[in-house]
Structures are given as structure tokens and as C-alpha cells.
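Good morning, and thank you for making time for this presentation. I will show the structure first and then comment on selected parts.

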Amino acid sequence: MPDPRSFLPFALPDIGDAEIAEVVDTLRSGWITTGPKARRFEEDFCAFLGDAGVQCLAVNSATAGLHLALEALGIGPGDEVITTTHTFTATAEVVRYLGADVKLVDMDPATLCIDVDAVAAAITPRTKAVLPVHFGGRAADMPRLVPLARRHGLAIVEDAAHALPTTSGGRRVGTLDTDATVFSFYANKTITTGEGGMVAVRDPALAARMKVMRLHGMSRDAFDRFTAKVPSWYYEIVAPGFKYNLTDIAAALGLHQLRRADDFQRRRAEIAAHYHAAFADLPVVLPPGPAAGDVHAWHLYVLRLAPAAPVQRDALVERLFAAGIGCSVHYIPLHLHPYWRDRYALAPAMFPHAQHAYERMLSLPIYTRMTDADVQRVVAAVRAALG
Ligand SMILES: *Cc1c(COP(=O)(O)O)cnc(C)c1O
């Protein structure tokens with residue numbers, strides 16, 4: 001075991017004094033669940049996205065947001081939703097919550113995101129939606145995917161858990177021509193509220209349905225009930241909704257994290273550039289950069305070992321761990337997990353690119369609390385193993 005005092009974790013949240021003070025202020029305020037700070041976080045998030053036509057709904061996880069978006073779109077039994085095998089299970093599990101079926105497709109090795117040609121080939125009369133993931137913070141090929149989906153009358157819900165801030169065609173993810181975009185503020189994401197998420201949505205009817213379903217199917221949320229002029233005790237239940245609201249304690253963190261999101265991105269991009277330069281001559285495939293002129297959130301820095309690499313992935317992870325460096329693998333593709341494999345009779349040969357990448361990929365630490373010396377240490381350890 002490496003010395004824990006010198007262990008460089010795979011990820012660490014960057015929580016400043018302003019976040020801590022805001023949480024304390026919330027705790028002293030008497031209003032700790034969804035209230036004024038959650039509302040301000042939504043307003044600030046909309047301002048960050050910079051599109052007046054988009055509403056932002058705070059939720060207690062991205063998983064919740066994805067579920068709400070698909071529910072509001074009317075996805076249900078008999079429907080199919082297409083997504084990538086190269087993702088976390090949350091992307092797909094929400095489809096099953098609704099009794100609909102998941103159609104997994106391969107990734108494009110050039111972007112590590114969903115293969116648009118594979119989407120085209122997977123569309124059937126039952127297909128209702130496509131769920132791209134902006135893997136690692138690099139936008140999926142939206143300029144091709146959006147027109148394809150629209151031609152077939154499919155809804156588009158973006159899993160933007162890695163994609164704050166990311167742009168596609170010069171526009172921030174969250175403002176593209178899709179039905180809903182879902183961000184995650186889980187502990188290791190690009191900004192964090194511990195647990196939390198945000199849905200960006202254009203259609204007011206879709207937003208209204210998500211607001212109701214976010215809190216028990218109530219016609220008004222708790223803050224409105226206790227502050228509006230109409231009878232404070234009155235509400236109506238219009239559906240069997242969920243418990244997906246974000247607390248003000250979490251929103252307090254989010255308010256300050258959001259202000260730092262662009263600075264955080266700049267630091268991660270700097271680390272990525274450093275890695276790129278340091279690994280350019282090694283037997284590896286470097287992670288794809290953004291499309292020309294676009295912003296990559298650099299939530300993940302994923303190396304793929306080339307055939308000439310002197311060690312295999314598992315051995316490299318062990319070597320780095322022995323050197324006191326945490327790394328990870330994103331992801332074990334869904335088609336290898338027993339639930340997905342067995343339910344849909346999936347085999348690795350159906351996803352050659354994702355399978356190939358999975359066997360050779362590892363994610364290196366890339367986060368704002370890393371010092372230049374930390375980055376150098378990762379470079380040295382990787383070079384020692386592969387050089
Ligand atoms: C983290 C993550 C999620 C789930 O986010 P939560 O906020 O933890 O629910 C969904 N999709 C992807 C790709 C993720 O990485």
C-alpha cells in the first residue's frame with residue numbers, strides 16, 4: 001500500500017470558504033430544504049447558460065433529472081430509447097424505471113461518444129428518444145445527431161453529467177436544440193453540491209411537468225406554499241410524483257461552485273494540455289480534444305493503450321497505484337454488466353469500439369486541486385511505466 005499521506009486521489013472536490021460560509025448561512029437561516037437558495041441557483045444557472053429561452057430546474061441528482069425528463073416526454077412501456085454502451089448505468093436505468101426498453105449502441109472511437117451511424121441503424125418504429133452522453137466533457141457529435149433524431153421524430157435528452165462547461169458549435173451544452181439537458185453535481189463532477197443535478201429545458205410544458213413530478217406531483221412546491229399570498233396550506237396532487245428536489249444546503253454549495261466553473265475548466269484544460277504534451281511520444285491514444293472552436297469540460301482524461309504499450313491496462317493501474325496515484329476506468333461498458341447483458345442478450349462483438357477501448361483505457365487524475373507537482377508526478381509515473 002502506498003503511504004496514505006502522499007497518496008494522490010483520483011478525484012477531490014474543490015470546496016472554498018465561500019461555499020462553507022454559504023452552507024453555514026443556510027443552516028442558521030431556518031430554511032434548509034428547497035427554498036430561496038435553490039431558486040437562486042436555478043436563476044444563476046440559467047444566466048450561466050446565457051439563453052433566455054431555457055428554464056433550469058434543480059434536482060437532487062442527474063439520475064433524477066434524466067428520469068424526470070423522460071417521464072415528461074411520455075416515454076413508457078413499448079417505447080425504445082437509444083443510448084451508448086460507453087456510459088454509467090444511470091444513463092440507461094432511468095429508461096427501465098419507466099418500463100421502456102434501452103437500445104444500446106456502440107461509441108465512436110474518435111469522440112468516445114455515441115456513434116451517430118449506429119444510432120441511425122438502431123432506429124425502429126418503437127424508438128422514441130435518443131440519449132447522448134458528452135463523454136468526459138467532450139460534446140457528442142450533436143451537429144449530426146440532432147438533425148438525424150428530428151428527421152425521425154425522436155426526442156433528444158442529453159446526459160451532460162460531464163459537460164459543465166462544454167460547448168458544441170459554439171453554444172453551451174444546455175442551450176442546444178434538444179428537449180432536455182441534464183447536469184450532475186455529484187461529488188466528483190466538474191462542480192459539486194455533494195449530490196445534485198440541474199435540468200435545462202426549453203419547452204414550458206415539459207418544464208411544468210418536471211416541476212410537478214419533482215415534488216410528489218404537487219401543483220406547487222413547498223417554498224411557494226409558505227410564501228405565496230394564496231392560502232399557504234393548499235396544494236393539489238395531480239400525479240404520483242417523485243422526491244427529487246434539491247435542498248438549499250446543497251444549493252448553497254452550487255451557488256459558489258457555479259461562479260468558479262469557468263476557472264475550474266481552465267485549470268483542467270491546462271492539466272490536459274500538459275498531459276497531452278508529456279504523453280505525445282508514448283504508445284497511447286490521447287483523449288479526443290473538442291471540435292474546432294469548442295470548449296471541452298475535461299471532466300475525465302482517458303488514455304487508451306496502443307498495441308505497442310509494454311504493459312496492459314490492469315498492470316498499469318496497479319503500477320500507478322503502487323506509485324501512490326489513484327486512477328480509474330470509465331466505464332465498464334453497460335453491455336458487460338449482468339443486468340444489461342442478460343436482459344438484452346448483449347455480447348462484446350456487438351460493440352467492437354467500446355469493447356476495444358474498455359480493455360485498454362484508464363482515467364488519470366484531472367482536478368483543480370492538483371498542483372503542478374502533482375501533475376508532474378502523474379506524468380513521471382506514466383512515463384516510467386510506458387516510456
Ligand atoms: C455521474 C453520472 C450520472 C449520474 O449523476 P448523479 O448526479 O450521480 O445521478 C449520469 N451519467 C453519467 C455519464 C455520469 O457520469
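**Salt bridges and domains**

I begin with D281, which is exposed, with a relative accessible area of 55%; exposed means over 50%, buried under 20%, and partly exposed in between, with a 1.4 Å probe and protein chains only. This is a predicted model, in which local features need pLDDT of at least 70 and side-chain atom pairs count only at pLDDT 80 or more, while totals for chains, interfaces and linings use all residues. Residues are numbered from 1 along each chain as its sequence is written, and side-chain values use heavy atoms, with hydrogens and water left out.

D281 forms a salt bridge with R383, with 2.8 Å between the closest N and O atoms. By salt bridge I mean a side-chain nitrogen of Lys or Arg within 4 Å of a carboxyl oxygen of Asp or Glu. The two residues are 102 apart in the chain: D281 lies in the loop between α10 (261-279) and β12, and R383 in helix α14 (residues 372-386). Helices (H or I, at least four residues) and strands (E, at least two) are DSSP runs, numbered from the N terminus. R383 is partly exposed, at 30% relative accessibility.

Salt bridges with shared partners also connect E80, R96, D101, R126 and R343 in one network. Within it, R343 and D101 meet at 3.2 Å, N to O. R343 belongs to helix α12 (residues 338-343) and D101 to strand β3, 242 residues apart. Is D101 buried or exposed? It is buried, at 15% relative accessible area, whereas R343 is partly exposed at 41%.

Let me turn to the domains. An automatic or database domain assignment gives domain 1 (17-259) and domain 2 (261-386). Their centres, taken over C-alpha atoms, are 26 Å apart.

Finally, strand β13 (residues 301-305). Five of its five residues are buried, so the strand is largely enclosed by the rest of the structure. Y301, L303 and L305 point one way, and V302 and R304 the other. Strands pair if DSSP finds at least two bridges between them. β13 runs antiparallel to β12 (residues 284-285), joined by two bridges, and pairs with β14 (residues 361-364) over four bridges, also antiparallel. Y301 stands opposite L364 in β14, and V284 opposite L305 in β13.
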